[in-house]
Every structure is written in C-alpha cells, then in structure tokens.
Amino acid sequence: MTRYDLLLIFLFLLTTIGCSPDGPPIAEVAGQVLLDGKPLPEAEVTFQPVSGRPSVGTTDLDGHFEVHYSATRKGALVGDHSVRISTYQAPHPIGPNGEMSSLKKEVVPHRYNRDTELTQTVESWGNNFVFELRSK
C-alpha cells in the first residue's frame, strides 16, 4: 500500500466520522408520572421540542415511562421541550369485525396537556424526570 492509498483511506475515514445516518442528536428520556402522589398508569407522555418532531411514551402501572423518537430510536431531541401528559383516548377500531375500543376519559387537568405549563430541557445524558401532577 502506498502513501497515497493511506492518505485516501485517512481522508475517507475523516469525512465519515461524526456523520450519523440516524438523524439528529437524541438522548434517552425516562421518568415517572404521579397524580396526587399516586402513580398514573396508561398516560401518554409527549415531549414536544421547540422545532422538530415530538417523542412519545406511555406510562406503565407504576407510572414509569420512556419516550421514543421513532420506532427504532429511544429518546427525545436534545434541547427545550414542552411536555404534555394525557389519559384521553378516543375509541378506535380494534378487531376484524369492526369492534371499537372504549373511550378513556381525561383525568389529567388541562394545565398538564392541552394548555400545558410543563417544560423540560433534555440534556445529552441523564434525563430522568418525575412529574408530580395535582388534580386541583
């Protein structure tokens, strides 16, 4: 291998380092949602950045969640977000015979979803948030 070959390989590697085919910088985001001190199950948690697409997750029975940016990427865009938390789910088809899911009512006050007051900054690491919501 000549010096010229080595130089070409070096330049190729140099131009590909740092180029991510996966998209923008994303950091893992997890946490817990409590409503009046109790875990809030089956709530949708949405991190909406100032610009860009949102990341969404659903709480488990203990109110824990992690958000996903896409089907293959966990996390949210690094930066400032508004956060919406909601339990509402409209009926939707669930079976081959036209069966519909049941309506799930909203138990979270509008100040945490439709008119959210919640904000959070997603850092490049260490994003574990606890949202302590109050019904009154």
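This is a predicted model: local features need pLDDT of at least 70, side-chain atom pairs count only at pLDDT 80 or more; totals for chains, interfaces and linings use all residues.
User: Where is Thr46 found, and is Thr46 buried or exposed?

Analyst: Thr46 is found in strand β4, and with a relative accessible area of 6% it counts as buried, because the cut-off for that word is under 20%.

User: How do β4 and β5 pair?

Analyst: The two strands β4 and β5 pair in the antiparallel sense, over four bridges, and within that pairing Val45 stands opposite Gly57 in β5. Together β4 and β5 form a hairpin with five residues between them, and Gly52, which is in the turn, has a positive phi of about 115 degrees.

User: Which residues of β5 are on the covered face, and which on the uncovered one?

Analyst: Strand β5 covers residues 55-58; Ser55 and Gly57 make up the covered face, while Val56 and Thr58 make up the uncovered one. As background, side chains in a regular strand alternate between the two faces of the sheet.

User: Stepping back, how many helices and strands are in the chain?

Analyst: The chain has one helix and ten strands, and read along the sequence they follow the pattern α-β-β-β-β-β-β-β-β-β-β. Of the 136 residues in the chain, 30% are buried. Among contacts with a separation of 6 or more, 59% are between residues 24 or more positions apart.

User: Let's pick Leu133, what is in contact with it?

Analyst: Setting aside its neighbours within four places in sequence, Leu133 is in contact with Val33, Leu34, Leu35, Asp36, Ile85, Val108, Tyr112 and Leu118.

User: Now Ala27, where does it lie, and is it buried or exposed?

Analyst: Ala27 lies in strand β1, which is residues 26-27, and Ala27 is buried, with a relative accessible area of 3%. Not counting residues up to four places away in sequence, Ala27 touches Gly75, Ala76, Val78, Val122, Glu123, Ser124, Trp125 and Asn127. Ala27 and Asn127 are 100 residues apart along the chain, and their C-alpha atoms are separated by 7.7 Å.

User: Changing topic, how many salt bridges does the count come to?

Analyst: The count comes to two salt bridges. In one of them the side chains of Lys74 and Glu66 meet, at 3.5 Å from N to O, and Asp115 forms a salt bridge with Arg114, where the closest N and O atoms are 3.6 Å apart.

User: Which of those residues count as exposed, and which as partly exposed?

Analyst: Lys74 counts as partly exposed at 44% relative accessibility, and Glu66 counts as partly exposed at 33%. Asp115 is partly exposed too, with a relative accessible area of 46%, whereas Arg114, at 59% relative accessibility, counts as exposed because the cut-off for that is over 50%.

Notes
Residues are numbered from 1 along each chain as its sequence is written. Side-chain values use heavy atoms; hydrogens and water are left out. Contact means heavy atoms within 4.5 Å. Buried means under 20% relative accessible area, exposed over 50%, partly exposed in between (1.4 Å probe, protein chains only). Two strands pair if DSSP finds at least two bridges between them. A salt bridge is a side-chain nitrogen of Lys or Arg within 4 Å of a carboxyl oxygen of Asp or Glu.
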